[in-house]
Every structure is written in structure tokens, then in C-alpha cells.
Amino acid sequence: MTISPATKKRVAALAVALLILCVDQLLKIWVKTHLCPGESIRLADWAYIAFVENKGMAFGMQFIGTLMLCIFRILAIGLLIWALWRITKAKKSKWGFVILLAMVLAGAIGNIIDNVLYGLIFSNSNGFSPATIVPIGEGYGNLMEGHVVDMFYFPIIDTNWPQWLPIIGGKHFIFFSPIFNFADAAISVGGVLLISCYYKTLNRFLSPQKQEV
């Protein structure tokens, strides 16, 4: 039986997405069940596992409520699935483009799992003991009220500005202070590489006059 190129690309995209999802969720579950919010594990001077939870978007940003964020993410995931399906149908679609889009899709799904389910299946992390997995519905929140788990903290530069600098002199400075998770990394890396390496492909895909990507 001959497998079509479109099917091969879809299977590859699914495999990449499932791998990212598994790594992301295993890391989050381990962090939630072994650390309390605010606790950290020092890996190096510039690398920590630092457990924080947030209701917002990637890297701990908060602009909208959890429910609206869930709805936004569900719509974005639907759009990405449609885009992957359409792209893989094109004969000239590039493997790299498909894989990177799958990375972005997996990252979005990874964070929405936290939003949708974590409030139902985890006890409250009260600062004195790590959370535990509880029967569905006995967690700290309702459906779509879960908090996203972040854990990677890479303060590559942690210093103070020189005293002689105006305004900022003597103030503390950290280069790259956001705390993020594996899903955030997949979205960011996939998105940046899509734009930088496949901007022409993206332009053709977004153009209503051209269907081949």
C-alpha cells in the first residue's frame, strides 16, 4: 500500500505534537506534585526550575481572564489544525513548515490542558505542601479555571546597573526574567522559525490568490 505524501506529513506532525505534549505534561505534573508555588531548584547560576502558576498567556503574562483565554486558545487551535490539514494537502508543502506548525499547535494544546483540566484534578497548592491529583471535580477550581504551570527560569545575566548611569544606575537588572514552560518554548521556537525561515511560505499561504505552499 502506498502512503501519500500528505498522509506522511500528517503522521509526522501528529508524532511531533504528541511528543511535545507528553514532555510538557509530564514536566508540569512532576513540578506540581513535588514543589510548592515559589519553590525552586537551582540547576546552575543561570538556570532554575522555579514553580509558578498563572492565569494568563505565555511567560506569565496576564491580559484577559482564564475563561476568555480558554476560548481564544480553542479558536486558535482549531485554526492551526485547519491550517495543517490544508497545508499538507498541497503537493509542494515543505516538511520543515509542517513540523514547525505542529510545534506551535502542540504548545497551544499543552497550555489549554492546564486551563481546562488542572482546576478539576489537582488540589490547591497552599504553599505548605505540593498539590496532589484528586478525583475529577474535587480540585481547586472548575472547568476552564485551571492555572498554567511554569517552571523554567533562566536569568542569564543577574547584576546591577553601574552607579554612574543616569536614572537606572544602581538598579537591579535581570536579562530574561520570564518563567515559562515547555509548551511556551515550543510556541516561541516554532513561531520564530516559521517567520524567519518560511516567511515566503507563510505569505503564500495567507494570500487568497495562491493556494500552493
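This is a predicted model: local features need pLDDT of at least 70, side-chain atom pairs count only at pLDDT 80 or more; totals for chains, interfaces and linings use all residues.
**View 1. Helix α1 against helix α3.** Let's start with α1 (residues 5–34) and α3 (residues 95–121), which pack at an angle of about 35 degrees with axes 8 Å apart. The crossing of α1 over α3 is right-handed. In their contact you will find 16 nonpolar, three polar and six charged residues.

**View 2. Helix α3 against helix α4.** Here α3 meets α4 (residues 182–197), their axes coming within 8 Å and crossing at roughly 150 degrees. Because angles over 145 degrees count as roughly antiparallel, α3 is roughly antiparallel to α4. This time the crossing is left-handed. Look for Phe97, Leu100, Leu101 and Gly107 among the contact residues of α3, and for Ala183, Ile187, Gly190 and Leu194 among those of α4. By class, the contact holds twelve nonpolar, five polar and one charged residues.

**View 3. The largest nonpolar core.** This core has 26 residues, and Leu84, Ile87, Leu101 and Leu194 have the most contacts inside it. The elements giving two or more residues to the core are α1, α2 (66–89), α3 and α4, with α3 giving the most, twelve residues. Zoom in on Leu101: leaving aside neighbours within four places in sequence, Leu101 touches Leu80, Ala83, Leu84, Ile87 and Leu194. In soluble globular proteins, nonpolar side chains tend to be buried together.

**View 4. A second core.** Finally, do visit the separate core of eleven residues, where Val31, Ala131, Val149 and Phe180 are among the members.

Notes: Residues are numbered from 1 along each chain as its sequence is written. Side-chain values use heavy atoms; hydrogens and water are left out. Axes are lines fitted to C-alpha atoms, for helices over the stretch in contact, and angles run from 0 to 180 degrees between N-to-C directions. Helices (H or I, at least four residues) and strands (E, at least two) are DSSP runs, numbered from the N terminus. A crossing is left-handed if the near helix is turned anticlockwise from the far one by less than a right angle, and right-handed if clockwise. Ala, Val, Leu, Ile, Met, Phe, Trp, Tyr, Cys and Pro count as nonpolar, Asp, Glu, Lys and Arg as charged, and the others, Gly among them, as polar. Angles under 35 degrees count as roughly parallel, over 145 as roughly antiparallel, 65 to 115 as roughly perpendicular and the rest as oblique. Contact means heavy atoms within 4.5 Å. A nonpolar core is a set of buried Ala, Val, Leu, Ile, Met, Phe, Trp, Tyr and Cys residues joined through side-chain atoms within 4.5 Å. Buried means under 20% relative accessible area, exposed over 50%, partly exposed in between (1.4 Å probe, protein chains only).
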